[in-house]
Amino acid sequence: MTASRILFLVIDGLADRPCPELDNLTPLEAASHPVLDSLAQNGVTGIMDPIAPGVRPGSDTAHLALLGYDPKTCYTGRGPLECEGTGIRMEPGMIGFRCNYATISPDGLVTDRRAGRVRDTAALSQAVQDGVDLAKFGIGFVFRSGAGHRAALAFKGDSLGHCVSSNDPKQDGVPPSAISPLGDNTPDKKTAFACNEFIRQSAEILADHPLNRERERQGLCPANIVFLRGAGEMGRLEPFGKKYGLDGSVIAAASLIAGIGSAVGLERVPVEGITGSQDSNIRGKIAAAIRELSHRDFVLVNIKGADESGHDGNAREKKAFVEKVDRELAPLPGLKDTLIVVCADHSTPCSIRDHSADPVPVIVHGDGVRTDAVNEYGERACARGGLGRIRGADLLPIARDLINRAHKYGA
Ligand code: ZN
Ligand code: ZN
């Protein structure tokens, strides 16, 4: 018997380095996680360089690599993927930005880079969409609100470049920066001009918008300027279904990860109460994944939270979060006909409070896998596993072979 479908579980930023406050164990090693251990014991384990040894991955480039898309050829910036995550359909060649609403004072100085963490900006974004005109540049655009103070902007037009700076000055009390081209290319200059024009026109619209007038009356920061960051050109991504012959869905709160999924053609599945943080509805995600598996070959689930603790340098919190995740994974070992892959997208060591290039532990569990002697899920335990040390790009081909959907290479 072989399994016929794949549950691909990515625990974001899970892996770590030995932490002195945990007796030199990693948070994963120090945590109690009987479900993950049982998957490791009955599966095959290994360690994985998400992109390549020594390369520190972002969550975006790591997820692309795990799905088999080489970030070196298809990734120029986070913007286009954030656009996909907010529901903008990106076509190859379009330029995408991640944006946020911010506040400037009447004399033009930035006073709050998150506009008082404004929520529900849909009406503001619609007004900008309807009112800004970039026709003189030959550019069409889509501007959409994301979660909280976030938004996304996509440009469509001929000869546009993506090598431009941001207008976010990264501090309060100074005016926003002008967006400038990073080199001497005409397409980058054109994009920079259009960005500055977009910012100017949208600021005029936002200054007069009733929602902002109301916020000012209530003593709240008006969302009266848009910051543009992370410019990138949408690459050409072969649809996942065509690449692997598998149809699939993605379950992720983070718009970046959901955007990567939808950019490669995975169906995005909404789940109530998912936050991309430690209070997320993990149980709901797992339940939704199990429902999806009844009619999908492949389901990608991203669980955020461990990454946050790593960035905060909080090893004990990270350990407690791993234990919480493990409790919610209780249905997994009993899943029939399913190959379960568990991994992280990168390490986020508490000691450095950022992503590192340390390899991450992997489990592949399901009918037919050649189990190894490893009976726990941990960075050092999995280094002794039967998968050895692989790269992110190897993982899906291995999983696809185990569900009998790989094609013979040669005769
Ligand atoms: Zn990540
Ligand atoms: Zn991170």
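A quick term before clicking: donors are N, O and S atoms within 2.8 Å of the metal (3.2 Å for Na, K and Ca), and water is not among the atoms, so sites may look incomplete. You're looking at a predicted model, where local features need pLDDT of at least 70, side-chain atom pairs count only at pLDDT 80 or more, and totals for chains, interfaces and linings use all residues. Residues are numbered from 1 along each chain as written, chains are lettered from A and ligands numbered from 1 in written order, and side-chain values use heavy atoms, leaving out hydrogens and water.

Select the zinc ion (ligand 2): the zinc ion (ligand 1) is 4.7 Å from it. Now show what holds ligand 2: Asp-307, through two OD entries, plus NE2 of His-311 and NE2 of His-355, at 2.0 to 2.5 Å. Along the chain, these donors are spaced D-x3-H-x43-H.

Next, color helix H12 (residues 306–312), which holds both Asp-307 and His-311, four residues apart, about one turn of the helix. (Helices are DSSP runs of H or I, at least four residues, and strands are runs of E, at least two, numbered from the N terminus.) Asp-307 or His-311: which is buried and which partly exposed? Asp-307 is buried at 6% relative accessibility, while His-311 is partly exposed at 29%. Buried means under 20% relative accessible area, exposed over 50%, partly exposed in between (1.4 Å probe, protein chains only).

Last stop: helix H10 (residues 255–263). Eight of its nine residues are buried, so H10 is largely enclosed by the rest of the structure.
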